[in-house]
Amino acid sequence: MFRFLISRLAQAVVVLIVLSAIIFIISRLSGSPVDIMLPQGATPAQRDALIHRLQLDRPAWQQYLAFLKDAVRGDFGVSSRFHTDTLSLVLSRFGNTVLLALSAIIIAIVVGVPLGTWAAIRGGRVDSYISTITASAQAMPSFWLAILLILVFGVVWRLLPISQFQSWSALILPAVSLSVLPFVTITRVTRSSILSVVPQHYIDTAYAKGLPGRVIVVKHILRNAMIPILTVTGLMLGSALSGAVITETVFAWPGMGALAVEAIQSRDYSVVQCIAMLAGLVIIVVNLLVDTSYRLLDPRTRIAARE
């Protein structure tokens, strides 16, 4: 296990370095922030002074090395748009985005795993109905669903708040909106995984022993079908973190997605880079946890690693 963790951590470092280079290049394709920061009628001297202060007159490779060196120390500079420490600003929004993404994933698991299990075990019409539901949900654009939820539950029925984080009830609508894609994926993967486990001989043996159907489904079928479900759940958590931009914008949710949109519009390099690096780090950690859980849940992975 120790060797496995060291290998995964080394891979994570390489991925972060490559990610930092990609982020550095892409964030500068939108243009220079100097054009936005300078007031109208600014003189060439003022422009040159601002470029020098932001160190944009240095070669690109020197800017990247300086960015990488500061990022290792957790120093992403000062936001040119918000005039505050970049890391502190992003972390103040990070918790709201993680809360929203985790809530969406929990909703997707709580609804998707039982539905996928039910579809696989029952088959027939139940499977057809659930497949129709997932196909309809997949075809529904997230922004359209968000607007529909606001219209029905916020405007017409006035049951839930539709913007900001004024209370915990304000989390319901954006979490439901963001959970649709993970719900569809988790439901389908659960169904497929269970269908691959049901024909196994040890399931027939469990039925032959007279074990209750619920025990067989939970203890034998679902447990052995968990690895694909864990994999897709980890991927969906990363997708929810990155896909929260639209949801946060529609619901005016104070998270990293809405902050990223504003930073991109104002060409705030430091905020964009910090958000992308932090999101990448979270996805890498989630994947590491998923890989570790494989070895805990399935002894065959540990045996294969030793061989």
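The structure is a predicted model, in which local features need pLDDT of at least 70 and side-chain atom pairs count only at pLDDT 80 or more, whereas totals for chains, interfaces and linings use all residues. Residues are numbered from 1 along each chain as its sequence is written, and side-chain values use heavy atoms, with hydrogens and water left out.

Aromatic rings of Phe, Tyr and Trp (its six-membered ring) were paired if their centres lie within 6.5 Å, with planes under 30 degrees apart counted as stacked, over 60 as edge-to-face and the rest as tilted. By this rule there are five aromatic pairs. The pair of Y64 and F67 is tilted, because the ring centres are 6.4 Å apart and the planes stand at 50°. Y64 and F67 are three residues apart in helix α4 (residues 60-72), and are therefore separated by about one helical turn; helices are DSSP runs (H or I, at least four residues), numbered from the N terminus. One aromatic cluster is formed by F24, Y64, F67 and F76.

The largest pocket has a volume of about 620 Å³. A pocket is an open set of points on a 1 Å grid over the protein atoms alone, where a 1.4 Å probe fits, with protein on both sides within 12 Å along at least five of seven lines; lining residues have an atom within 4 Å of a point. Of the 25 lining residues, L54, F76, G77, V78 and S270 are the closest to the centre of the largest pocket. Two or more lining residues are given by each of α4 and α14 (269-297), and the largest share, four residues, comes from α4.

Helix α3 (residues 44-53) lies largely in the open, because the number buried is one of its ten residues. Just after α3, Q55 takes a positive phi of about 60°. S103, by contrast, is found in helix α5 (residues 86-122) and counts as buried at 15% relative accessibility. Leaving aside neighbours within four places in sequence, S103 is in contact (heavy atoms within 4.5 Å) with L171 and A175.

Key: Points joined across faces, edges and corners; volume = space filled by probe spheres on them. Buried < 20%, exposed > 50% of the residue type's maximum accessible area, 1.4 Å probe, protein only.
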